[in-house]
Protein chains: 2
Amino acid sequence: MRRFIIIGHKASTTADFKLDDLAGGAGRLDVLLRCINSAFFLSHDLRKDVEVLLILQGPPGPPKSIRLVGSELRYLNPDERSTGALIRNALMKEARSEERSSPGIYISGRNLQDTLGLLEETELIYLKESGEDIRNAQLAENVTFVLSDHMDLTDEEESMVLLKAPKTLKLGPISYHADHCITIVNNELDRRFL
Amino acid sequence: MRRFIIIGHKASTTADFKLDDLAGGAGRLDVLLRCINSAFFLSHDLRKDVEVLLILQGPPGPPKSIRLVGSELRYLNPDERSTGALIRNALMKEARSEERSSPGIYISGRNLQDTLGLLEETELIYLKESGEDIRNAQLAENVTFVLSDHMDLTDEEESMVLLKAPKTLKLGPISYHADHCITIVNNELDRRFL
């Protein structure tokens, strides 16, 4: 299982946004939607062994967590707008404990700490420019990556992640958008395990 | 210079489409918009040494070619909708020879053959599952990749490309969406030349 946790620092925690304004009023939800695309889509196929966990921290009711499960997903298309509609549907639920919104999409009130606490038997990877090159690193097939949206992790969030003793890796000589990071990671894991 | 030529087999050649329907009425323009994102965006920066050439072949007036020049680009944002608006603006021009639509964005009536004919002093790469692994290949810094949208190249298009004696490379053990291919290629080139 490959798992990607992505923190949306300003991402809307209500369904009260327009699909025409995903990069604005929805708190840069567009970044997270592209992460979903990168995590799941193959040419003419969907990755079944992937789970994406979005931690939405924007107004008005943070945190909300949306979990997408590759083996159960239906109705996912690659474009931002239609994926935005699926996430908006999930946000219509008033879930504190986890509830299913549509096949393969679950919503809860979990924060980053809760999410990290629920991880079992997975290697944790934190992507950072100062890390070891992923191409030289040993990687488990059961692995969880922590990423951030267009903003860095806060000091507090980084501390929570580091407490779990992750492996710190980098993907190249420069920094990439979160969705591009996921694509590069998927390619590296495909080369190791497919 | 890194150059990506992407063929949009059904992509609209008129501005007469809705930004709400980029994956439908615009002929899967969403695929090409994600390719633009992958080609240019770095974390907090835009790649200046990249050029993207879209060959639009959908109705009603194919072909149209849109050329995006990294060193001149302005107003490009990562989300699909706003990039779709820039492309739609370009399609409002009735250009046969090349005309500028906005900073760094040019439109013309060039087809794939014209576009390949204008390439100078660049290594040409054709991505195909049967190719050599990119990680083992020699690559020039001045390089042009030919990609297709959600459909394969037609036999005729493939023949045109093969006539230019490209290097045929693969990116991994499975096939990826065109925008994911561009992200993986950019990462490989960053590792070689940055």
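Let's start at the contact: 37 residues from chain A and 37 residues from chain B take part, with contact meaning heavy atoms within 4.5 Å. This is a predicted model, where local features need pLDDT of at least 70 and side-chain atom pairs count only at pLDDT 80 or more, while totals for chains, interfaces and linings use all residues. Residues are numbered from 1 along each chain as its sequence is written, chains are lettered from A in the order written, and side-chain values use heavy atoms, without hydrogens and water.

Now the area. Chain A and chain B bury about 3100 Å² between them, 51% of it on carbon and sulfur atoms. That is accessible area (1.4 Å probe) lost on being put together, summed over both. On the chain A side, A:Arg135, A:His180 and A:Arg191 lose the most, together 20% of what that side buries.

Next, charges. The rule finds six salt bridges across this interface; a salt bridge is a side-chain nitrogen of Lys or Arg within 4 Å of a carboxyl oxygen of Asp or Glu. One of them joins B:Arg191 to A:Asp133, at 2.7 Å, N to O.

Now into chain A, to strand S4, residues 50-56. Strands here are DSSP runs of E, at least two residues, numbered from the N terminus. Seven of the seven residues are buried, so S4(A) is largely enclosed by the rest of the structure. Buried is under 20% relative accessible area (1.4 Å probe, protein chains only).

What flanks S4(A)? Strand S1, residues 2-8, pairs with S4(A) in the parallel sense over seven bridges. Strand S5, residues 64-69, runs antiparallel to S4(A), with six bridges. Pairing takes at least two DSSP bridges. Take A:Ile55: A:Ile7 stands opposite, and in S5(A) the bridge partner is A:Ser65.

Technical notes:
Buried means under 20% relative accessible area, exposed over 50%, partly exposed in between (1.4 Å probe, protein chains only). Helices (H or I, at least four residues) and strands (E, at least two) are DSSP runs, numbered from the N terminus. Buried area is the accessible area (1.4 Å probe) that two parts lose on being put together, summed over both.
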